[in-house]
Amino acid sequence: MTLLKGLKILDFSTLLPGPYATMLLADLGAEVLRVESATRPDLLRDGYPRDGKDSVNHGYINRSKKSITLDLKKADSIDIVKKLVAEYDIVLEQFRPGVMERLGLGYEALREVNPKLIYCSITGFGQTGPYRHRPGHDNNYLSIAGVASYSGRQINGPAPAGIQIADVAGGSLHGVIGILSAVIHRGRTGEGQWIDISMTDCSFALNATTAAGYLMGGITPELEQTFLNGGIFYDYYETKDGRYFSVGSLEPQFRKLLCEGIERPDLIELSLSELQEDIQAFKQAVRTAFLSKTFAEWQTIFAKIEACVEPVLTFAEACEHPQIVSRGMIVEVPRPNGGYQKQVACPIKTSVFKPEYKHIGVGLGEHNKEIVNPLQQLQK
């Protein structure tokens with residue numbers, strides 16, 4: 001059983017936000033057809049390491065999808081897209097506002113072909129507003145959204161994130177939510193719609209625990225001043241050998257276990273104080289304690305104590321962690337010509353569905369013969 005069987009998606013996006021969204025939808029059973037340029041291929045195909053002609057990043061992000069190449073500046077290509085839209089009734093695109101309209105592939109033009117069309121546009125700033133045509137990247141969107149201003153250390157300022165927060169948590173995941181919501185709406189009413197996803201909007205909405213404090217209390221979140229960004233002992237702590245542990249022992253019962261774990265039961269009462277000087281004194285005591293033992297020593301200690309204290313693992317170590325392994329978060333996805341490529345699994349698990357990974361990302365225009373050529377013959 002596939003959860004999204006029958007959903008057919010035309011994907012005009014490149015790089016990460018759109019392709020990650022359609023990968024999740026493909027994992028859940030949707031049929032995804034990528035429409036790519038033969039002369040300006042997706043930059044995600046480049047880079048290293050490679051598996052064959054393309055990067056392994058491409059092999060992962062575009063798994064289970066088909067690929068055709070079209071020159072969208074040519075009228076016959078636009079005609080082919082319109083024929084496809086009659087069958088692939090969900091479109092996802094990631095061009096700057098106005099580009100698809102100029103090509104004759106905007107929402108209004110395509111809904112004439114298919115009135116039930118669901119059309120999702122993922123852009124940096126959205127389809128409206130003074131920044132709608134402005135270029136940007138992940139850190140730019142986080143900056144405009146206010147997130148970067150209190151994410152980092154006072155001594156160094158904003159810290160670059162190791163993952164693309166605005167692209168994935170902002171664009172990809174909100175795009176999937178919007179598309180699936182539109183599918184439900186269409187099932188009830190028969191109506192299609194245009195979904196306008198701004199990665200800046202979505203990043204702004206991620207200010208989940210700080211927005212209310214400012215909007216209703218006038219409290220501006222600042223570097224190392226909130227409960228969750230280093231303002232209290234909830235933080236990362238260096239060990240004797242230069243590794244790190246995360247401490248999230250917010251609740252009193254976990255703070256007690258933390259104090260016992262670092263062999264400082266005398267700090268329990270101090271840890272419960274709400275006085276700023278006591279909070280900072282407790283944090284310094286925790287910092288000093290972690291510097292007294294190695295990473296391995298702390299692993300042994302906190303493996304037995306449920307104090308919301310965990311080691312900061314390298315990605316290689318995370319791949320071997322028993323929890324990650326037991327959840328099956330690394331899978332082998334077939335290559336078209338035999339063998340497998342190791343990839344991160346779909347994280348969505350249900351009682352009725354198991355993802356099927358058809359193949360890694362395919363070569364540019366791999367399905368032209370199957371899909372484009374017959375349509376071109378019809379045009380002659």
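D235 is buried, with 8% relative accessible area (buried means under 20%, exposed over 50%, partly exposed in between, with a 1.4 Å probe and protein chains only). Keep in mind that this is a predicted model, where local features need pLDDT of at least 70, side-chain atom pairs count only at pLDDT 80 or more, and totals for chains, interfaces and linings use all residues. Residues are numbered from 1 along each chain as its sequence is written, and side-chain values use heavy atoms, leaving out hydrogens and water.

**Exercise 1.** Find the salt-bridge partner of D235 and work out which parts of the chain the pair ties together.

*Step 1.* A salt bridge needs a side-chain nitrogen of Lys or Arg within 4 Å of a carboxyl oxygen of Asp or Glu. D235 meets R153 this way, at 2.8 Å from N to O.

*Step 2.* D235 sits in strand β11 (residues 235-238) and R153 in strand β8 (residues 152-153), so the pair ties together parts 82 residues apart in sequence. Strands are DSSP runs (E, at least two residues), and helices are too (H or I, at least four), numbered from the N terminus.

*Step 3.* Now check R153: at 29% relative accessible area, R153 is partly exposed.
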